[in-house]
Amino acid sequence: MAHPTPAGDLPFPKHLHDFVQPMVSASKAEHLFVGRLQCRCGAGTFRFFYPGETHEFQGSTVPCTATIDGAYFFLVRAACEGCGSEYLVIDQDLHGWNGVVCHDAAQAALERPPLTVWPCSRCRDERHRAVVTVTSQGKADFEEEAGPDFEPSQWAEGFESLSLDLVCQGCGLETSSWISCETM
């Protein structure tokens with residue numbers, strides 16, 4: 001069962017509808033969408049998978065783009081701890097401005113790299129709750145910049161960034177901007 005789509009003008013990309021519960025009170029019209037990850041089964045705890053590369057950012061170790069055989073990949077999957085369902089949170093080749101408006105079919109057709117589970121940097125627990133934030137330039141900018149090949153109704157798919165904040169279920173460590181993926 002998909003979560004209800006919030007009315008109107010939030011940049012809520014379709015690929016998130018099945019596993020993100022909108023936090024409408026935290027959202028700001030067409031430029032910002034905030035939601036918490038929640039599986040169709042009702043569980044809200046996930047294991048997160050990324051391509052295995054990390055770097056230091058603002059004092060924390062976080063996932064980053066992986067280079068494999070000269071190709072660049074950034075994607076994150078979430079696996080529900082309740083039922084095992086898997087969801088694609090972001091793939092830079094399929095989502096956001098670059099993945100939709102500037103889509104590179106050859107890059108998107110490449111086999112995705114093997115993914116690694118993310119453990120808490122403090123207690124090593126793999127179970128996390130998460131909040132996703134999507135930013136957008138808004139409908140008018142999408143229509144103006146995307147051009148005639150795109151329908152105005154596709155504006156939420158051409159978002160400019162997606163970030164994910166995690167809270168470890170083992171020790172409660174909060175990791176703000178665990179990922180912060182610019183898609184433009």
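**Ground rules.** I number residues from 1 along each chain as its sequence is written, and my side-chain values use heavy atoms, without hydrogens or water. Since the model is predicted, I ask for pLDDT of at least 70 for local features and 80 or more for side-chain atom pairs, while totals for chains, interfaces and linings use all residues.

**Salt bridges.** I looked for a side-chain nitrogen of Lys or Arg within 4 Å of a carboxyl oxygen of Asp or Glu, and the structure holds 6 such bridges. For burial I call a residue buried under 20% relative accessible area, exposed over 50% and partly exposed in between (1.4 Å probe, protein chains only). Helices (H or I, at least four residues) and strands (E, at least two) are DSSP runs, numbered from the N terminus.

- Aspartate 91 and arginine 112 meet at 3.0 Å, N to O. Aspartate 91 sits in strand β9 and arginine 112 in the loop between α2 (105-109) and β10 (116-117), 21 residues apart. Aspartate 91 is buried at 1%, whereas arginine 112 is partly exposed at 23%.
- Aspartate 18 and arginine 40 meet at 3.4 Å, N to O. Aspartate 18 lies before β1 (20-22) and arginine 40 between β2 and β3 (46-50), so this pair ties together parts 22 residues apart in sequence.
- Glutamate 81 and arginine 47 have their closest N and O atoms 4.0 Å apart. Arg47 and Glu81 also belong to a salt-bridge network with Glu126.

**Strands.** I count two strands as paired if DSSP finds at least two bridges between them. Strand β11 (residues 128-135) runs antiparallel to β2 (residues 32-37), with 5 bridges; here phenylalanine 33 faces valine 134. β11 also pairs with β12 (residues 161-168) in the antiparallel sense, over 8 bridges, and valine 132 stands opposite leucine 164.

**Positive phi.** Which loop holds glutamine 58? Glutamine 58 is in the one between β4 (54-57) and β5 (60-63), with phi near 50° and 71% relative accessibility, so I note it as exposed. Aspartate 69 has a positive phi of about 50° too, in the loop between β6 (66-68) and β7 (71-73).

**Cavity.** My search used a 1 Å grid over the protein atoms alone: a cavity is a set of points where a 1.4 Å probe fits but cannot get out, and lining residues have an atom within 4 Å of a point. I found 1 cavity of 30 Å³ or more. The largest cavity holds about 50 Å³, and its lining includes Trp97, Asp141, Phe142, Trp155 and Met184.

Definitions and conventions:
On a 1 Å grid over the protein atoms alone, a cavity is a set of points where a 1.4 Å probe fits but cannot get out, and a pocket is an open set with protein on both sides within 12 Å along at least five of seven lines; lining residues have an atom within 4 Å of a point. Grid points are joined across faces, edges and corners, and a volume is the space filled by probe spheres set on the points.
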